[in-house]
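Here is a short briefing to read alongside your model. Take a look at the structure first, then walk through the points below.

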Amino acid sequence: QDRTGKLDERTVSEMQRVTANLKAQNPEILALHAALIRPQHIKELLLPTHQRGSKVMAERIRRQIAAAFNYGMKAENVVGRSSDKSYAIETNPAAIVAVEHTENKGTRALSEAELRQFWLTLEKTDRVGPILARLFKFVLATAGQRFASVIEAEWSAYDLEQGVVHLFHNKGRGGKAQRRAHPIPLSPRALEILAEVHTLNGGRARPWTNRSDGRPVALSSLKNVVNRWLASDHAKINGEPIQPFTARDLRRTCAQLMAQYGIDDRLSDELQAHGVGGVVADHYRNNPIVTLPRRRGAMADFDRILDRILS
């Protein structure tokens, strides 16, 4: 509750999901008083996640638990507080637990041949719906935007006459307070994809929603799309299977293509909302809409690169 309204909604939703999973999987530990929790209990909570190979997720859960205990300790030790409720927490049991993990930096980027194969065959893959297939194509057609930013944008964010979508960049811990406008010019290719989506989801508030229930596409479904494609017969070139990649790697692929074909790094960063922030950005370059002319030029250059690859 304390984080609601301060952090991004997706972050709060993830915290709620983690909490619900912990309660379902470890009811005995979650039923204990907070003051009775010891590091051994924290290790028991994290071990199943760690053992299935999700070491980074185990560390994120540990941080979340540690933050909860810190909040409890501070909240009940405020002089003059009106509530007399006390959890009697004296130490943070999650603070001394270490999770053995390596958060490797991603390096995978698709080759031009792999990207072309993915684009041309994704819609033919079993159990990949038309909205999800077009979502991937739209992200690629817009130079690798963050999936989360695209999914949360409503139809009202799309100015089809001007050919621009007004996204928001809110990566980091700042939550809503740090949301930054991120206008993205739309190429004819992106507009064509949107027209197809409009025929499917034009009656909903958002383009990128499930056709069955109207809920926004879940980020977890992106992994399923890529894995289903990789497991299909489409994920081969000259009979050789394409090496695994993730949805996030498509963003890196677009960035490397822009670098390879000579698009200035500053323009590339601007299109992908990299390094947005700082005193200069906040106080002097705080109107991103004035950058649209140069963004349009960079997007046109990228679309020519993509056209060359796909054709």
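Glu112, Leu115, Arg116 and Trp119 of helix α5 touch Leu306, Ile309 and Leu310 of helix α13, where contact means heavy atoms within 4.5 Å. This is a predicted model, in which local features need pLDDT of at least 70 and side-chain atom pairs count only at pLDDT 80 or more, while totals for chains, interfaces and linings use all residues. Residues are numbered from 1 along each chain as its sequence is written, and side-chain values use heavy atoms, with hydrogens and water left out.

**Where α5 meets α13**
- The axes of α5 (residues 112-121) and α13 (residues 292-310) come within 9 Å and cross at roughly 80°; axes are lines fitted to C-alpha atoms, for helices over the stretch in contact, with angles from 0 to 180 degrees between N-to-C directions.
- α5 and α13 are therefore roughly perpendicular to each other, a label for angles of 65 to 115 degrees.
- The residues of this contact divide into 5 nonpolar, no polar and 2 charged; Ala, Val, Leu, Ile, Met, Phe, Trp, Tyr, Cys and Pro count as nonpolar, Asp, Glu, Lys and Arg as charged, and the others, Gly among them, as polar.
- Helices (H or I, at least four residues) and strands (E, at least two) are DSSP runs, numbered from the N terminus.

**The nonpolar cores**
- The largest nonpolar core has 54 residues, and Phe118, Leu135, Phe136, Phe138, Tyr158 and Trp208 have the most contacts inside it.
- Such a core is a set of buried Ala, Val, Leu, Ile, Met, Phe, Trp, Tyr and Cys residues joined through side-chain atoms within 4.5 Å, with buried meaning under 20% relative accessible area (1.4 Å probe, protein chains only).
- Elements that each supply at least two residues of this core include α5, α6 (130-141), β2 (164-169) and α13.
- The largest share of this core, 9 residues, comes from α6.
- Leaving aside neighbours within four places in sequence, Phe136 is in contact with residues including Phe118, Leu122, Phe147 and Leu250.

**The sheet**
- Three strands form an open sheet, 3 strands in the order β1-β2-β3, with antiparallel pairing; two strands pair if DSSP finds at least two bridges between them.
- β1 and β3 stand at the edges with a single partner strand each, so one side of each is left without a neighbour in the sheet.
- β1 (residues 158-159) pairs with β2 over 2 bridges, and Tyr158 has Val165 in β2 as its bridge partner.
- β2 pairs with β3 (residues 180-185) over 6 bridges, with His169 opposite Arg180.

Technical notes:
Parallel < 35°, antiparallel > 145°, perpendicular 65-115°, else oblique. Buried < 20%, exposed > 50% of the residue type's maximum accessible area, 1.4 Å probe, protein only.
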